[in-house]
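Have the model open in your viewer and your selection tool ready. We will go from stop to stop, and at each one you will hear what to select and what to look for.

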Amino acid sequence: MASGNLTHLTEFILRGVSDRPDLQMPLFFVFLAIYGLTVAGNLGIITLTSVDSQLQTPMYFFLRHLAVINLGDSTVIAPKMLVNFLVSKKTISYYGCAAQLGGFLVFIVGEIFMLAAMAYDRYVAICNPLLYMVVVSPQICLLLVSLTYLYSLTTALTVSCCVFSVSYCSSNVINHFYCDTVPLLALSCSDTYIPETAVFTSAGTNLFFSMIIVLTSYFHIVLAILRIRSSEGRRKAFSTCASHMMAVTVFYGTILFMYLQPRTNHSLDTDKMASVFYTLVIPMLNPLIYSLRNKDVKDAFKRFLKSPCQAFKLM
């Protein structure tokens with residue numbers, strides 16, 4: 001159904017990454033490979049940080065939950081996207097679209113604040129190492145993660161309700177590969193001032209506060225590292241946060257690219273390309289970033305391969 005009031009609308013049509021028929025199968029295999037690597041990598045991180053006794057620290061506790069979030073984010077989007085590459089009618093039900101938007105918001109907001117929590121963890125580890133296990137205790141870690149999930153869920157419900165409170169009467173074709181706030185609101189024929197304000201205020205506030213936490217943490221980390229006299233000590237201190245710095249740079253760089261574009265150059269097609277990166281590519285890259293540059297994770301993987309049964313018995 002291509003038109004009508006929101007109360008009568010039963011489905012949307014997702015245009016996808018590309019309209020070209022000759023690209024559907026190649027794109028299917030590309031994104032199938034990306035999703036397969038994402039699932040394998042993040043399940044690997046979740047498994048290793050759960051079963052290996054030497055990875056039972058706050059840093060790996062947060063990393064495990066980042067992997068859960070990355071896996072959830074890509075799983076909300078990739079399966080439906082892959083199916084749509086293989087069918088001619090790329091539809092998604094009204095409630096399916098609402099659920100996908102809600103799921104996406106839960107995980108993307110969760111990732112923003114999980115990265116902030118991880119930056120705070122690195123700040124305490126480097127700037128206050130003697131108090132590390134007191135300041136970042138298991139109870140504090142659990143509290144930070146629980147608050148992140150609770151806030152993400154609250155934000156997702158609020159923003160989703162705002163987006164789905166408007167009417168659609170011109171088209172139900174979404175210029176995107178999943179249900180996102182901006183392309184959905186672009187279809188509305190009713191006043192979108194309130195939902196648009198809610199969407200951009202929420203996004204801006206979340207980005208601002210999380211970046212303040214990350215930048216403040218790394219400002220103090222850099223100062224602490226520069227005060228270390230030995231080059232070996234500086235190298236060791238830097239190596240403990242290098243992976244997180246790389247992950248933060250890639251994630252926030254992509255988000256800021258979207259939000260800081262000049263209005264005249266901004267387009268939904270540009271948003272689509274950026275969205276591919278932070279919903280599908282970054283969740284695939286994070287396990288590689290945190291494992292290839294991390295000796296503890298690589299050693300844990302070797303121990304797991306030697307005796308997987310023993311590892312599961314220790315859980």
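Select Arg235 to begin: this residue is partly exposed, with a relative accessible area of 48% (buried means under 20% relative accessible area, exposed over 50%, partly exposed in between, with a 1.4 Å probe and protein chains only). Arg235 and Glu232 form a salt bridge whose closest N and O atoms are 2.9 Å apart (a salt bridge is a side-chain nitrogen of Lys or Arg within 4 Å of a carboxyl oxygen of Asp or Glu). Both sit in helix H8 (residues 231-259), and because they are 3 residues apart there, about one helical turn separates them. Helices (H or I, at least four residues) and strands (E, at least two) are DSSP runs, numbered from the N terminus.

A word on what you are viewing: this is a predicted model, in which local features need pLDDT of at least 70 and side-chain atom pairs count only at pLDDT 80 or more, while totals for chains, interfaces and linings use all residues. Residues are numbered from 1 along each chain as its sequence is written, and side-chain values use heavy atoms, with hydrogens and water left out.

How many salt bridges does the structure hold? There are 7. For another of them, select Asp52 and Arg303, whose closest N and O atoms are 2.9 Å apart. This pair links distant parts of the chain, with Asp52 in the loop between helix H1 (24-51) and H2 and Arg303 in helix H10 (residues 295-306), 251 residues apart. Is Asp52 buried or exposed? Asp52 is buried, at 8% relative accessible area, while Arg303 counts as partly exposed at 31%.

Next, pick Lys89 and Glu11, a salt bridge with its closest N and O atoms 3.8 Å apart. Lys89 is in the loop between H2 and strand S2 (91-93) and Glu11 is in strand S1 (residues 11-14), so the pair ties together parts that are 78 residues apart in sequence. Lys89 counts as exposed, with 55% relative accessibility.

Stay with the strands. S1 and S2 pair in the antiparallel sense over 3 bridges, whereas S1 runs parallel to strand S3 (residues 173-174), joined to it by 2 bridges (two strands pair if DSSP finds at least two bridges between them). Select Ile13 to see both pairings: its bridge partner in S2 is Thr91, and in S3 the partner of Ile13 is Val173.

Now go to helix H2 (residues 58-86) and select Phe61. Phe61 is buried, with a relative accessible area of 17%. Leaving out residues up to four places away in sequence, Phe61 touches Cys141, Leu142 and Val145 (contact means heavy atoms within 4.5 Å).

Ser160 is the next selection, in helix H5 (residues 138-163). Ser160 is buried too, at 10% relative accessible area. A polar atom of its side chain lies 2.7 Å from the backbone oxygen of Ala156. Beyond residues up to four places away in sequence, Ser160 touches Leu101, Gly102 and Leu105.

Finish at Phe31. With neighbours within four places in sequence set aside, Phe31 is in contact with Val17, Met81, Leu82, Phe85, Val276 and Leu280.

Conventions. A polar contact is a pair of N or O atoms within 3.5 Å; within protein, one must be able to donate a hydrogen and the other to accept it, and residues adjacent in sequence count only if both atoms are side-chain atoms.
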